[in-house]
Amino acid sequence: MNHRILTSLALGLCALPATAHDDINPASKKVAGPNGGRVLTGTTPRAEFFVTGDRRVQITFLNGHGEAVAPAGQAVVVTAGDRAAPTRLTFVASGNTLVSDGTLPAGNLVPTVVQITPAPGATTVTSKFNVNLSTCGECQHVEYACTCEGH
């Protein structure tokens, strides 16, 4: 009996379509935001996380077409760096974006937690990732915003 189950499972797995790297549905590919930053998809509207040249964090909210929309009451807090002495960044509006009041800690690999509260009293959405400021050799984006599959 177990042999039949294993054989059925094996045959079922063999029937799954094999997909080459270049044949992946474009809709499922990672995309960079309009500024070349990382798109955070857990929020509505989606938000782009971007590190400026002076290491400030810029948050840009995006419509369904990936275009910037003005912030509408969202609150953002970023906590980054060493757990023993984290840097906490708060944000102020600057045109259609929110810009941090301070800068990311030094280094090319910065552990980061982004908390976005879409509206007062709403549930906060949390994203955790390493802000890797090295450049990807394939897509030429910074690694934290790399659009290559599998990175």
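This note goes through the predicted model from its overall layout down to single residues.

1. **Overall layout.** The chain holds one helix and nine strands. In sequence order the pattern is α-β-β-β-β-β-β-β-β-β. Of its 151 residues, 30% count as buried. The accessible surface comes to about 9,100 Å², and carbon and sulfur atoms account for 54% of that area. Among contacts with a separation of 6 or more, 46% join residues 24 or more positions apart.

2. **Strand E3 and its partners.** E3 covers residues 56-62, and six of its seven residues are buried. Strand E2 (residues 46-51) is joined to E3 by six bridges, and the two run antiparallel. E3 also pairs with E7 over four bridges, again in the antiparallel sense. Strand E4 (residues 68-69) pairs with E3 through two bridges, antiparallel as well.

3. Glu 48 stands opposite Thr 60 in E3. Arg 56 has Thr 103 in E7 as its bridge partner. Phe 61 faces Val 69 in E4.

4. **Two hairpins.** The E2 and E3 hairpin has four residues between its strands, and Arg 55 there takes a positive phi near 70°. The hairpin of E3 and E4 has five residues between the strands, and Gly 66 has a positive phi near 80°. Both angles deserve a look in the model.

5. **The nonpolar core.** In soluble globular proteins, nonpolar side chains tend to be buried together. Here the largest nonpolar core has 22 residues. Those with the most contacts inside it are Phe 49, Ile 59, Val 76, Val 78, Phe 91, Val 114 and Val 131. The elements giving two or more residues to this core are E2, E3, E5, E6 (87-94), E8 (109-117) and E9 (125-132).

6. **Val 77.** Val 77 lies in strand E5 (residues 75-80). Is Val 77 buried or exposed? Its relative accessibility is 17%, so Val 77 counts as buried; the limit is under 20%. Beyond its neighbours within four places in sequence, Val 77 contacts Arg 88, Leu 89, Phe 91, Val 113, Val 114 and Gln 115. Leu 89 is twelve residues from Val 77 along the chain, yet their C-alpha atoms are separated by 5.8 Å.

7. **Ser 100.** Ser 100 sits in strand E7 (residues 97-103). With a relative accessible area of 4%, Ser 100 is buried. Not counting residues up to four places away in sequence, Ser 100 touches Arg 56, Val 57, Leu 89, Thr 90 and Phe 91.

8. **The salt bridge.** Side chains of opposite charge can pair when their charged atoms come close. How many salt bridges are there? The count comes to one. Arg 56 forms a salt bridge with Asp 54, and their closest N and O atoms are 3.4 Å apart. Arg 56 is partly exposed at 27% relative accessibility. Asp 54 is also partly exposed, with a relative accessible area of 45%.

Key. Residues are numbered from 1 along each chain as its sequence is written. Side-chain values use heavy atoms; hydrogens and water are left out. Buried means under 20% relative accessible area, exposed over 50%, partly exposed in between (1.4 Å probe, protein chains only). Contact means heavy atoms within 4.5 Å. A salt bridge is a side-chain nitrogen of Lys or Arg within 4 Å of a carboxyl oxygen of Asp or Glu. Two strands pair if DSSP finds at least two bridges between them. A nonpolar core is a set of buried Ala, Val, Leu, Ile, Met, Phe, Trp, Tyr and Cys residues joined through side-chain atoms within 4.5 Å. Accessible areas come from the Shrake-Rupley method with a 1.4 Å probe; for residues, only the protein chains shown count as cover.
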